Amino acid sequence: MSQHSMGQYIQMLSGESGDAVSQFYGMGGYGSYDPNNPYSNIRSSGYGDNPGDDLYADLIRAQTRDYNQRFAPVENFLAGQITATGTKSLGDDLARTRSSSLGAVANVQGQQGRSMGRMGLTNTSNIANSTTAVGGLVGGLNDTRLRDSDRRTAILSGSMSGISQKARSTGQ
Amino acid sequence: MGGGGDGPDELESKGALAEQAANALRRYGQTFVPLENMFIQDTMDMFDPNASENAMAMAQNQTSSIYEQGLGDMQSAQFNMGLDPTSGRVKKESSALREAQARGMGLAGAGAGIDYTDAAYQGLGNVINMGQGLQTNAMSGNIDRLQSGLDRSGAQAKSDFARSSSLQSIAGTGAGMAYGSYGLGGGG
């Protein structure tokens with residue numbers, strides 16, 4: 001079958017079937033997926049003896065393709081975030097906790113210096129080395145690890161997403 | 001009964017129902033898919049390491065202001081008591097509260113960052129729910145998360161201020177009313 005007649009044959013098929021056949025033969029360009037409106041290619045006419053069945057079949061194919069294009073990658077991303085002990089966000093969370101604690105210490109050290117300066121005094125305290133500040137930093141880092149571990153449990157058990165349970169029950 | 005070579009014709013109602021479903025999907029595609037895509041993009045953007053900066057800074061500022069009021073009251077109390085600003089007692093008390101302020105601000109900011117990450121994962125869960133055609137859970141926004149963080153900061157500040165002897169000495173006086181007015185000195 002020549003390329004020309006193949007194109008004509010595809011034109012006779014319904015939108016979704018035509019797209020699948022076109023993709024299979026690497027022709028492309030026919031009914032390509034539009035992520036901003038994945039259902040724009042659905043047509044109402046041009047079906048054969050069973051137009052209702054054919055249209056239904058097209059709708060199901062369009063929904064499946066939309067799911068695979070827009071939502072399956074998000075599911076894969078979420079599944080990919082899970083590690084043996086928590087999630088891949090732990091590193092960034094720890095960095096933010098560290099930066100927040102150290103930044104707060106520097107901020108308050110400056111406030112204390114200005115406050116004492118207004119009374120003509122020199123600030124000799126070193127908040128960064130205080131037990132309170134160091135304890136806060138260590139406690140914050142430990143809390144961050146615990147929260148990340150909780151997050152992993154929530155993702156796996158379903159209270160946050162139930163990714164595996166929902167993937168298993170896919171049926172639209 | 002029917003006879004003939006052709007099978008029975010498809011019910012016309014079946015075609016009408018399919019067309020109705022197609023119409024609903026077209027409308028969904030036109031109107032709601034772009035909105036869903038926007039939400040998906042926003043959710044993915046929340047995983048940017050710097051995305052929570054504003055939420056963290058806001059939590060730190062709000063926590064700082066809780067301590068600032070208490071520190072101001074403490075200084076007033078110290079002056080009213082005639083304490084020398086260079087005395088060991090004043091320095092120690094002031095340093096202790098400043099250290100507590102630093103710890104409170106640091107933990108409030110860190111907590112806001114972790115809450116933000118949790119919200120990003122919650123958003124992913126909602127996207128997955130959308131894909132499965134399930135009802136989406138309600139999500140708490142930045143303000144809700146900030147408020148719960150501030151509730152924790154307020155409780156911690158209350159405990160920190162309770163250790164300040166100067167503040168304890170003004171509880172029940174006129175200045176003590178100010179101490180109580182921001183909810184740190186009162187019960188419950």
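## Chain B

Of the 188 residues in chain B, buried residues make up 44%. When contacts in chain B between residues at least 6 apart in sequence are considered, 76% of them join residues at least 24 apart.

B:Ser159 belongs to helix 4 of chain B, and its C-alpha atom is separated by 10.0 Å from that of B:Ala100, a residue 59 residues apart from B:Ser159 along the chain. Is B:Ser159 buried, partly exposed or exposed? Because its relative accessible area is 30%, which falls between the limits of 20% for buried and 50% for exposed, B:Ser159 is described as partly exposed.

## Chain A

Chain A has 172 residues, of which 39% count as buried. Chain A has six helices and zero strands, and its pattern, read along the sequence, is α-α-α-α-α-α. Among the contacts in chain A with a separation of 6 or more, 53% are accounted for by residues 24 or more positions apart. The accessible surface of chain A is about 9,000 Å², and 53% of this area belongs to carbon and sulfur atoms.

## Confidence in the model

For the complex, the predictor gives an ipTM of 0.77 together with a pTM of 0.76. Chain A has a mean pLDDT of 82, with 73% of its residues reaching 70 or more, while chain B has a mean pLDDT of 80, with 78% of its residues reaching 70 or more.

In chain A the lowest mean pLDDT among the elements, 52, is found in helix 6 (residues 163-168), and the highest, 94, is found in helix 4. In chain B, helix 6 (residues 174-181) has the lowest mean, 37, and helix 1 (residues 12-45) has the highest, 92. Over residues 171-188 of chain B the pLDDT stays under 50, and for these residues the model has 22 contacts beyond four places in sequence. Where pLDDT is low, the predicted coordinates should not be read in detail.

## The largest pocket

Rolling a probe the size of a water molecule over the atoms shows where empty space is left. The largest pocket has a volume of about 330 Å³. Its lining consists of 21 residues, and those that lie nearest the centre of the pocket are A:Asp143, B:Leu107, B:Ala108, B:Gly111 and B:Arg152. The elements that give two or more residues to this lining are helix 5 (131-157) of chain A, together with helix 2 (53-80), helix 3 (88-131) and helix 4 (142-162) of chain B.

Which element supplies the largest share of the lining of the largest pocket? Helix 3 of chain B does, with nine residues. Sorted by class, the lining of the largest pocket has seven nonpolar, nine polar and five charged residues.

## The second largest pocket

The second largest pocket holds about 220 Å³ of space. It is lined by 19 residues, and A:Ser115, A:Met119, B:Met74, B:Gln75 and B:Ser94 lie nearest its centre. Two or more residues of this lining come from each of helix 4 (90-117) of chain A and helix 2 and helix 3 of chain B. The largest share, seven residues, is given by helix 2 of chain B, and by class the lining has nine nonpolar, six polar and four charged residues.

## Cavities

How many cavities of 30 Å³ or more does a search of the whole structure find? The search finds two, and the second largest cavity has a volume of about 30 Å³. Residues from both chains line the second largest cavity: A:Ser101, A:Val105, A:Ala133, A:Gly136, A:Leu137, B:Ala102, B:Arg103 and B:Gly106. At least two residues of this lining are supplied by each of helix 4 and helix 5 of chain A and helix 3 of chain B. By class, the lining of the second largest cavity has four nonpolar, three polar and one charged residues.

Conventions. Residues numbered from 1 in each chain as written. Chains lettered and ligands numbered in written order. Predicted model: local features only at pLDDT ≥ 70, side-chain atom pairs only at ≥ 80, totals over all residues. Heavy atoms only, no water. 1 Å grid on protein atoms, 1.4 Å probe; cavity = no way out; pocket = protein on both sides within 12 Å on 5 of 7 lines; lining within 4 Å. Points joined across faces, edges and corners; volume = space filled by probe spheres on them. Helix = DSSP H or I, 4+ residues; strand = E, 2+ residues; numbered from the N terminus. Nonpolar A, V, L, I, M, F, W, Y, C, P; charged D, E, K, R; others polar. Buried < 20%, exposed > 50% of the residue type's maximum accessible area, 1.4 Å probe, protein only. Contact = heavy atoms within 4.5 Å. pLDDT = per-residue confidence, 0-100. Areas by Shrake-Rupley, 256 points an atom, 1.4 Å probe, with all protein chains shown as cover.
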